[in-house]
Amino acid sequence: MTVYLSLSGVLFLIGLHGFFTARSLLRRLLALNVLTTAVFLLFVVLARLAEPLDPVPHAIVLTGIVVTVSTTAVALALVVRIAGRVRDEDDDAAAGPRGDAG
Amino acid sequence: MGVAGVIFDGLLALALVWLAWQATRAADLFHAVVSFIVFGLLMALAWVRLEAPDIALAEAAIGAGATGALLLSALDRLATRDGYHRVLYEPTTAWGFWIPAGGALLGGLTLAAWKLPAPGLGEEVLASLKLSGVDHPVTAVLLNFRALDTLLEIGVLLLAAVTIWSLGRAPSPLVPAMPSPALPALGRLLFPVFVLVAAYLLWRGSHAPGGAFPAGAVLGAGAILMLLAGARPWIRSSEHGPWRWILSLGLAMLLAAAVTGSLSGLAFFEYPRGAAGPMILLLEVAAGLSIALLLFALYLRGEPCEHGYREVGS
């Protein structure tokens, strides 16, 4: 179990570092997903250490996975919209006279 | 099992750390996304090792499958503009912030884990399992003891779909040009299998790992595969428009079950004595259908509409 506890800590740090320092929004989102996985791992290790096996953290993590995919989907939709807007502005600035570059 | 198990855990942990590092640090975004998907699949193995088969199923189907499909489709939209020429990471400024902030967060989490009641709730759940109407403890927690969590969770999923649809119309065409002529045939061949597996998982949920979440995710993945294979999503066409209510079926049924309890003199979310088993099965079917359709709705990235849609392939 120590292996999985340390894994949880390492994944937490990797996710946190990526989340704070990445410039690209998509990378930030990936890091956030790694971060949530680290927290889920901590929950499940705690459930495993209990005697008998504790099903409540399992149910909470299942809920958490669905909430994470919802968050990721909304954030991705926003990232795609933002990128589209930035691209339009760049195209306008770079290729103004040529009209739309498609 | 002893030594082999320890070696397996160690290798798995190393692989997971490497993949997480690649997912957050790889210079190429495609590389990062694929690393993340493999990370999700290996995490499913870790969940099995931790005796959490329910989470393993959900992680493989939702964490790696549905999230992977969403990420790859977003990557396709972002492909023409990548941050290759930009700075990938904030060089020095963030260190002063993220180390203390991260340390505090990690410390808080450790403290919270330390303070948790030591033996857990395993005993209590097992003691009242007979009354719950199902034989599988995790399903009992999800749909009976803590059904409010499930209600709110489906609410969050519905809210996410509503948010994405309200951002605008789905892009057209919905999917990129046909990548391979084998895909439509394979998609049609596999879809019945997806339906069968989903039904099996749903039924299995009452006595073994499975249930509405993996079942819904598998069915949603089958629908996404059909979409990629060139099928017209029926949710889009105007004649089936009213069927969109299935999106909110799970939430509505759970709410109805909760309120019926209160109205008939029982506690909030208390099921009538003896009827818990059938009620949970009914709720699971409703929630599974909703989850499948909601995951599919998330994948569309916008409100589907009749106009502005080009037939892809033929």
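This report describes the contact between chain A and chain B in a predicted model, together with the confidence assigned to chain A.

## Extent of the interface

Chain B contributes 83 residues to the contact, and chain A contributes 62 residues. The size of an interface is often expressed as the accessible area lost when the parts come together. Between chain B and chain A the buried area is about 6600 Å², and carbon and sulfur atoms account for 79% of that area.

## Polar and charged pairs

One salt bridge is counted between chain B and chain A. The partners are R48(A) and E51(B), whose closest N and O atoms lie 3.0 Å apart.

On the side of chain B that touches chain A, the elements giving two or more residues include α1 (2-25), α2 (29-49), α3 (53-78), α4 (95-115) and α12 (276-300) of chain B. The largest contribution to this side comes from α3(B), with 14 residues. By residue class, the side of chain B that touches chain A comprises 57 nonpolar, 10 polar and 16 charged residues.

## Confidence in chain A

Chain A has a mean pLDDT of 82, with 84% of its residues at 70 or more. In chain A, helix α2 (residues 25-49) has the highest confidence, at a mean of 90, whereas helix α3 (residues 55-94) has the lowest, at 83. Residues 96-102 of chain A have pLDDT below 50, and this stretch makes one contact in the model beyond near neighbours in sequence.

Note on methods:
Residues numbered from 1 in each chain as written. Chains lettered and ligands numbered in written order. Predicted model: local features only at pLDDT ≥ 70, side-chain atom pairs only at ≥ 80, totals over all residues. Heavy atoms only, no water. Contact = heavy atoms within 4.5 Å. Buried area = accessible area lost by both parts, 1.4 Å probe. Salt bridge = Lys/Arg side-chain N within 4 Å of Asp/Glu carboxyl O. Helix = DSSP H or I, 4+ residues; strand = E, 2+ residues; numbered from the N terminus. Nonpolar A, V, L, I, M, F, W, Y, C, P; charged D, E, K, R; others polar. pLDDT = per-residue confidence, 0-100.
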